[in-house]
Amino acid sequence: MNDAKDSPDYLLVITILTLLTIGVVMVYSASAIWGEYKFDDGFFFVKRQLLFAGAGIAAMLVVMNVPYSAWQKYAKPLLFICFILLLAVLIPGVGLVRGGARSWIGVGAFSIQPSEFMKLGLIIFLSTYLASNQKYITSFKKGFLPALLLIFTAFGLIMLQPDLGTGVVLVLTCFVMLFVAGAKITHFLGLGILGIAGFLGLILSAPYRINRITAFLNPWEDPLGNGFQIIQSLYAIGPGGLMGLGLGQSLQKFFYLPEPHNDFIFAILAEELGFIGGTFLIMLFGLFLWRGIRVSLAAPDTFGSLLGLGIVGMVTLQIMINVSVVIGLIPVTGITLPFLSYGGSSLTLTLCSMGILLNISRYAKY
């Protein structure tokens with residue numbers, strides 16, 4: 001590998017820090033009333049978000065200076081640790097239950113979400129596997145199937161929590177990587193049929209998922225139940241108009257919209273900053289996607305390209321799913337908005353991923 005450049009992609013750095021800054025401001029705006037109500041401290045959530053952001057930026061700076069090729073060496077042990085954490089979270093007394101899902105390990109508010117680690121761990125391992133076995137990827141038995149078994153093993157453990165949203169992001173990200181690596185379209189077509197059948201099975205096996213589907217199709221049929229979140233989200237976005245009500249002036253955050261500082265933070269942003277604010281945020285996400293793809297394609301080796309595209313794909317898919325939920329295009333999935341939503345594991349791991357991407361940019365040939 002060639003020597004790294006002195007600096008990473010500056011435009012990508014500026015984009016990441018701008019998104020992070022908007023996120024901290026919006027977490028405070030969306031959460032102040034909830035912090036005051038629950039903890040007598042309007043700064044409760046934003047102080048924690050600043051702590052997470054600070055830890056994430058420190059980790060990003062450290063990882064940015066670690067040659068990305070080093071992750072190839074430790075891909076197997078990292079994935080093994082991720083699987084151990086996914087198994088540990090399922091043990092009663094070890095895993096913490098929140099919102100009906102056993103997805104966290106830790107004590108009280110200071111906890112980690114193993115599924116977030118698995119997303120990055122699997123991207124690193126799959127990049128290593130595909131780079132080493134690219135000549136076999138067109139073979140279903142030798143290349144495609146082993147990767148598939150690994151992906152769905154991770155997906156199955158995540159679904160035992162259950163966490164459909166994170167599982168979907170993980171699977172779709174890995175499929176993007178397989179496609180980019182050269183897997184045959186026919187393999188995906190056959191997998192798609194099985195996937196639809198399996199997805200329907202997952203929906204039918206849990207009544208709350210059926211309720212989310214029906215609420216998505218017609219939320220006003222059950223406005224105080226399953227359709228409540230979608231309706232309140234649309235009530236936030238609609239009045240925002242072109243310019244918004246003004247920063248801090250949201251009405252829906254006053255105990256109308258659940259999770260205003262988390263999954264539905266984009267609705268509060270659209271209410272306060274309007275169509276212009278929402279469009280500006282989407283443009284920043286688009287800028288991140290463009291620079292991320294550019295960096296990945298300019299990486300000096302296949303591993304770097306796949307690793308970068310996997311990270312960019314993971315973040316972009318999560319953005320698309322979250323925004324689609326908030327504006328009512330797809331059913332509620334419980335996916336956070338990268339860089340903006342309140343949360344420790346998600347934000348910290350996202351910034352660690354950015355550190356890897358920025359290190360790749362130091363070797364990129366463009």
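I started with Val 176, which counts as partly exposed because its relative accessibility is 35%. This is a predicted model, so I am reading computed values throughout. Val 176 sits in helix α7. Two elements, α7 (164-181) and α8 (185-205), each give two or more residues to the patch. The largest share, three residues, is from α7.

**Entry: the core**

Which residues touch the most other members of the largest nonpolar core? I found Leu 178 and Leu 340, in a core of 96 residues. Helix α12 (residues 302-326) contributes the most to this core, namely twelve residues. I listed the contacts of Leu 340, leaving out residues up to four places away in sequence: Leu 19, Ile 22, Gly 23, Val 27, Gln 49, Ile 265, Leu 269, Leu 281 and Phe 285.

As background, I noted that nonpolar side chains tend to be buried together in soluble globular proteins.

**Entry: cysteines**

I searched the whole structure for disulfides and got zero. For Cys 82, the nearest cysteine sulfur belongs to Cys 174 and is 12 Å away. I also checked Cys 352, which is in no disulfide; its nearest cysteine sulfur, that of Cys 82, is 12 Å away. Are these cysteines buried or exposed? Cys 82 counts as buried, at 7% relative accessibility, and Cys 352 is buried too, at 17%.

**Entry: salt bridges**

My count came to four salt bridges. Asp 9 is buried, with a relative accessible area of 5%, and Arg 291 counts as buried at 10%.

Lys 47 pairs with Asp 41, with the closest N and O atoms 2.8 Å apart. I marked Lys 47 as partly exposed because its relative accessible area is 48%.

Glu 116 forms a salt bridge with Lys 119, and here the closest N and O atoms are 3.1 Å apart. Both residues lie in helix α5 (residues 114-132), three residues apart, or about one turn of the helix. I noted Glu 116 and Lys 119 as buried.

Definitions and conventions:
Residues numbered from 1 in each chain as written. Predicted model: local features only at pLDDT ≥ 70, side-chain atom pairs only at ≥ 80, totals over all residues. Heavy atoms only, no water. Core = buried A, V, L, I, M, F, W, Y, C linked by side-chain atoms within 4.5 Å. Buried < 20%, exposed > 50% of the residue type's maximum accessible area, 1.4 Å probe, protein only. Helix = DSSP H or I, 4+ residues; strand = E, 2+ residues; numbered from the N terminus. Contact = heavy atoms within 4.5 Å. Disulfide = S-S within 2.5 Å. Salt bridge = Lys/Arg side-chain N within 4 Å of Asp/Glu carboxyl O.
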